[in-house]
Amino acid sequence: AQIRYSIPEELTRGAFVGNIAKDLGTDVAKLAAANLQVLSDSDSQYFSVNVNTGVIMVSERIDREQLCGQNPRCFLHLKLAIENPVEFYRIEVEILDINDNPPQFPSEEVSLRIYELASLGARFPIQPAQDPDVGTNTLQTYHLSANDNFNLNVKARTDGGKFPELVLERALDREFRAFHYLVLTAEDGGSPPQSSKIRITIQVLDANDNHPVFDRPSYGARLVENSPLGTLVVKLNATDVDEGPNGDIRYSLSSHNSAALRQIFAIDEQTGEIRVQGNLDFEEATVYEIEVEAKDMGSPTMEEHCSVVVEITDVNDNAPEVILTSFSSTLSEDALPGTVVAVIHVRDRDSGEQGKVLCHVSPDLPFQLRKDYEHQYSLLTSTRLDREHVAYYNVTVSASDLGNPPLSRHTILPITLIDVNDNAPQFEQASYEVLVAENNPVGSVLVTVSAADPDSEQNSRLSYSILRAGGTDPGLDPTRYLSIHPTNGQVTAKFPFDYEQTTYLQFYVEVSDGGSPALRNRTLVHVFVVDQNDNAPQVHFPRAGEDSATQFRISPSIVPPALITKVVAIDADSGRNAWLSYHLVEATDLGLFSVALRSGEVRIMRALQETDASAHELLVVVRDAGEPPLSTAVTLVVVVEEKGPEALQGSEARAADGGGLPTITLYLIVSLVLISTVSLVGLAALGIRCL
């Protein structure tokens, strides 16, 4: 939207310009909450806005003549910016001229020397008055004091200037009056009008009565800007019918030309050739009007004037300018597509197609340009941003004009993305499997879990904790046995593990980041307790107290290899640590008895002889396969005697016991095989998984 105001120049500070809230049809409180800002295209801040009232006020003295010079219309352009949402309004303030400057002549007095034979109708230019005001307030007319010989003619220039000329209406007679004293008044059109005066002293001279004459009243030329020095503009031609010095002509630039014009053009006084001696810039002036005078060498000198109009043709010699009206170098990575990052103003001092500017950014970047209106673009986000993918952008804004060849300018906008907590921590492994030997030291590190978070700073600071896994025994609370370091993820044991009580434990490790709100993730940890050989075999049969032996009776006629008894032992450990072997270590006669290595059966190996002892003491050692092995010893006493009724009864009892022993042995063997198989399969699976 665009709003226009008009105010006169030279208003006092704080003067009312307009009510922007009223003109926009919005509430003043909304403007204040929307962070209302006024941005000016000029270097000075001539206006300010009271966000509490919505009133635009003058904040600095405004001199129209200083801002716009002789331009008929003078504008100051403002941009009104509000946030949430971002909106821009263009405000155009027209500065109206007031009649604060009177016309001023370059000097208070001027002297003219005119030959008495000057032709009627001869013109004598007077240095014009200058009035910096415009419109009706600028110079409007001249008035000449009453006299008998001269009339006033005001010549209008193409730039709107008026320059006065004295026109000889009646022939001069030096002998009648040698000096004429006139007063020229310059008056503007203000209300009330202002004026200034210059005194004109005219000296009437005798002699040379013909002045130079140009072959045409005015000349025209057209040049390309940036023409090389020495380029010929035009060659003037003036003639004087007098002879001798009175007909010898010299050309020069009139004193009416400005000092700046004299630095750009030069004239050869002999040939009348006008050449370029300075820089021609279409952007500074499109037309130059050169006043030239031709003087003869008579005494007194006579002169004639003509004008040369030089039109300048524009070339594409100015690259576009890129001006950042608003720019934020940081942007949140969760900014929605269409978020305004920068407001860009472009301009080109050339004219026509060469002054039209197109802007673009690389299509490979997640940004795009939107043309708001002529010469203004907004840089917007075009897609979602991800700081973890790209954290920093250098956005190159390219501005090119439509000249041939086109000129361009590139401006780099550095944009840094600010992190938001949009990534949950991720563990290096979905689950962990740990082998822990029982009787482990307290405080030993069982496993170190590790997670990573691609966010930055506080959003990537991780904290670990232990949670009980679902479906586990409520009595196996992992926090009772284990602890975890909150920052490095090291899981340590609070107590030694006992394989005979706990063979397996599983729990969750949860990691959370430091964002707000925090994001979390979990991993499952399996702890397998590995058995150690910490239990010696226990003899279940025959049962005997400490330091005592168990007696068995056999008949002297027993036939080998008859079973005498069977030693049964159990080891609380598992695997190889529970593999038992039986050894006959000591005996009265080692060749008479044997003990089966795996079953523990005690048998007689030969027939008894009369020379054999009547009682035999056997020391049987039960040893496991652990490293180092543990063992238990049992002492058996075998007594040789004839069977009596009691002995027969004891034999039957032993026979009954002996009949049950093979079944127990079978159960023990099957149990050992199953335990060993499960252990081997578990170790093999764990090894494959680790590989």
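Which helix or strand gives the most to the lining of the largest pocket? Before the answer, some conventions are needed. The structure is a predicted model, in which local features need pLDDT of at least 70 and side-chain atom pairs count only at pLDDT 80 or more, while totals for chains, interfaces and linings use all residues. Residues are numbered from 1 along each chain as its sequence is written, and side-chain values use heavy atoms, with hydrogens and water left out.

The chain is divided by an automatic or database domain assignment into domain 1 (3–96), domain 2 (109–205), domain 3 (213–313), domain 4 (321–418), domain 5 (426–530) and domain 6 (538–640). The centres of domain 4 and domain 6, taken over C-alpha atoms, are separated by 97 Å. An unreviewed UniProt entry places the feature "domain: Cadherin" at residues 6–105, 106–214, 215–322, 323–427, 428–539 and 546–664; UniProt positions follow the numbering used here, feature names are shortened, and annotations may be inferred rather than shown by experiment.

Helices (H or I, at least four residues) and strands (E, at least two) are DSSP runs, numbered from the N terminus. Residues 215–322 are 6% helix and 44% strand, with end C-alpha atoms 50 Å apart. For residues 323–427 the values are 0% helix and 53% strand, and the end C-alpha atoms lie 48 Å apart.

The opening question concerns a pocket, which is an open set of points on a 1 Å grid over the protein atoms alone, where a 1.4 Å probe fits, with protein on both sides within 12 Å along at least five of seven lines; lining residues have an atom within 4 Å of a point. Grid points are joined across faces, edges and corners, and a volume is the space filled by probe spheres set on the points. The largest pocket holds about 1200 Å³ of space. Its lining comprises 34 residues, and Gln-70, Gln-130, Arg-157, Asp-159 and Gly-161 lie nearest its centre. The answer is α4, which gives the most to this lining, with 4 residues. Domain 2 and domain 3 each supply at least three residues of the lining of the largest pocket.

The second largest pocket has about 850 Å³ of space. It is lined by 37 residues, of which Arg-123, Phe-124, Pro-125, Glu-303 and His-305 are the closest to its centre. Here β8 (109–115) gives the most to the lining, with 6 residues. Because domain 2 and domain 3 both give residues to the lining of the second largest pocket, this pocket lies between them.

Strand β8 also belongs to an open sheet of 4 strands, in the order β8-β14-β13-β10, with mixed pairing; two strands pair if DSSP finds at least two bridges between them. β8 and β10 stand at the edges with a single partner strand each, so one side of each has no neighbour in the sheet. Within this sheet, β13 (residues 179–188) and β14 (residues 195–205) run antiparallel and are joined by 9 bridges. His-180 stands opposite Ile-202 in β14.

Another open sheet of 4 strands has the order β25-β31-β30-β27, again with mixed pairing. Its edges are β25 (330–332) and β27 (357–360), each with a single partner strand, so one side of each is left without a neighbour in the sheet. β30 (residues 392–401) and β31 (residues 408–418) run antiparallel, joined by 9 bridges, and Ser-398 stands opposite His-410 in β31.
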